[in-house]
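Subject: Structure handover

Hello,

Please find the structure below. My notes on it follow.

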Amino acid sequence: MNKPMIGVLPLYDSGKESYWMLPAYMKAIENEGGIPVMLPLTTDEDIIPALAGRFDGFLFTGGHDINPELYGEKAEAVCGEWCDERDRMEQLLFDQVIELDKPAFGICRGLQLFNVLCGGTLYQDIPLQMNTDITVSHKQKPPYAEPSHSVHIHTGTLLHHILQTAQIDVNSYHHQGIKALPAGLTAAAAAEDGMVEAVSLPDKRFILAVQWHPEFSYGTDSNSRKLFSAFVNACIPAH
């Protein structure tokens with residue numbers, strides 16, 4: 001089997017001015033037969049198309065909030081720190097991924113990013129801005145591998161095809177989430193309070209994102225392993 005080369009979007013620590021990575025992202029890809037490579041943080045418009053052409057797929061990781069300007073809003077006090085360079089890099093790379101029809105898997109921030117770049121909006125802070133009578137624990141305390149709430153998976157979606165079940169329990173660690181879903185992006189799962197928990201682009205080979213963190217639960221949860229397995233398999237070169 002040709003092992004796919006998968007570009008992993010870097011995490012950024014502004015205090016230390018450093019790029020870094022959670023080993024769980026890399027190990028999950030490696031264990032499923034892929035070769036994970038952490039990408040540089042760059043907005044160079046010559047480098048990004050080269051990366052898009054070189055790698056077989058991309059993992060859009062968690063991390064910073066997204067600059068609300070990208071979805072037409074002003075930042076509220078409840079909005080967390082964002083990284084403009086990362087926002088711009090991922091915007092440019094996502095455009096290339098769509099154009100080249102490369103597989104992409106988004107986790108947490110990755111889901112929010114896909115939504116924004118396709119034209120949707122976000123809650124800048126779920127507890128303060130989302131009106132619901134149903135309480136769901138979206139920002140759990142450690143251990144992060146343990147489930148926090150359940151999600152209903154919509155039939156006929158890529159996610160349902162992968163997991164072959166109507167409901168799963170997931171972990172959860174986020175304070176922002178999808179407010180408005182854009183045309184073309186399909187909701188694939190939802191929490192009991194209505195929060196969109198997974199999205200996909202059905203007209204593409206493999207564009208899938210989840211709001212929870214399968215990298216944390218990969219070692220103990222079969223559904224998390226199925227997600228990484230499906231992503232890595234989608235990235236295997238045809239030749």
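I start with one side chain. F114 touches F60, F94, A104, F105, G106, L185, I207, L208 and A209, leaving aside residues up to four places away in sequence. Contact here means heavy atoms within 4.5 Å. F114 is buried, at 1% relative accessible area. Buried means under 20% relative accessible area, exposed over 50%, and partly exposed in between, with a 1.4 Å probe and protein chains only.

Some ground rules. This is a predicted model, in which local features need pLDDT of at least 70 and side-chain atom pairs count only at pLDDT 80 or more, while totals for chains, interfaces and linings use all residues. Residues are numbered from 1 along each chain as its sequence is written, and side-chain values use heavy atoms, with hydrogens and water left out.

Helix α4

F114 lies in helix α4. Helices (H or I, at least four residues) and strands (E, at least two) are DSSP runs, numbered from the N terminus. Helix α4 covers residues 109–117 and lies across β5 (57–60), β6 (104–107), β12 and β13 (207–210). Its angle to β6 is about 115 degrees. Axes are lines fitted to C-alpha atoms, for helices over the stretch in contact, and angles run from 0 to 180 degrees between N-to-C directions.

G119 follows α4 and has a positive phi, near 110 degrees.

For a distance check, F114 and T157 are 43 residues apart in sequence and 17 Å apart in space, C-alpha to C-alpha.

The sheet

Nine strands form an open sheet with mixed pairing, in the order β4-β1-β5-β6-β13-β12-β11-β8-β9. β4 (35–38) and β9 stand at the edges with a single partner strand each, so one side of each has no neighbour in the sheet. The twist averages 20 degrees from one strand to the next. Two strands pair if DSSP finds at least two bridges between them.

Now strand β8, residues 149–153. Four of its five residues are buried, so β8 is largely enclosed by the rest of the structure. β8 pairs with β9 (residues 167–170) in the antiparallel sense, over four bridges. There, S150 has D169 in β9 as its bridge partner. β8 also pairs with β11 (residues 186–191), again antiparallel, over three bridges. In that pairing, V151 is bridged to A191 of β11.

β11 in turn pairs with β12 (residues 196–200), antiparallel, over four bridges. A190 has V196 in β12 as its bridge partner. V196 is buried, at 14% relative accessible area. V196 touches L111, I178, A187, A189, A190 and Q211, not counting residues up to four places away in sequence. V196 and A180 are 16 residues apart in sequence and 9.4 Å apart in space, C-alpha to C-alpha.

The largest pocket

Its volume is about 480 Å³. Of the 25 lining residues, G62, G63, H64, C108 and Y173 are the closest to its centre. β2 (11–13), α4 and α7 (214–217) each give two or more residues to the lining. β2 gives the most, with three residues. The lining divides into nine nonpolar, nine polar and seven charged residues.

The terms, for your own pocket runs:
- On a 1 Å grid over the protein atoms alone, a pocket is an open set of points where a 1.4 Å probe fits, with protein on both sides within 12 Å along at least five of seven lines; lining residues have an atom within 4 Å of a point.
- Grid points are joined across faces, edges and corners, and the volume is the space filled by probe spheres set on the points.
- Ala, Val, Leu, Ile, Met, Phe, Trp, Tyr, Cys and Pro count as nonpolar, Asp, Glu, Lys and Arg as charged, and the others, Gly among them, as polar.

Backbone points to check

- C108 has a positive phi of about 55 degrees although it is not a glycine. C108 lies in the loop between β6 and α4, and is buried at 8% relative accessible area.
- Q164 also has a positive phi of about 55 degrees and is not a glycine. Q164 sits in the loop between α6 (158–163) and β9, and counts as exposed at 57% relative accessibility.
- The peptide bond from P142 to P143 is cis, with omega near 5 degrees. P143 lies in the loop between α5 (126–129) and β8.

Best regards
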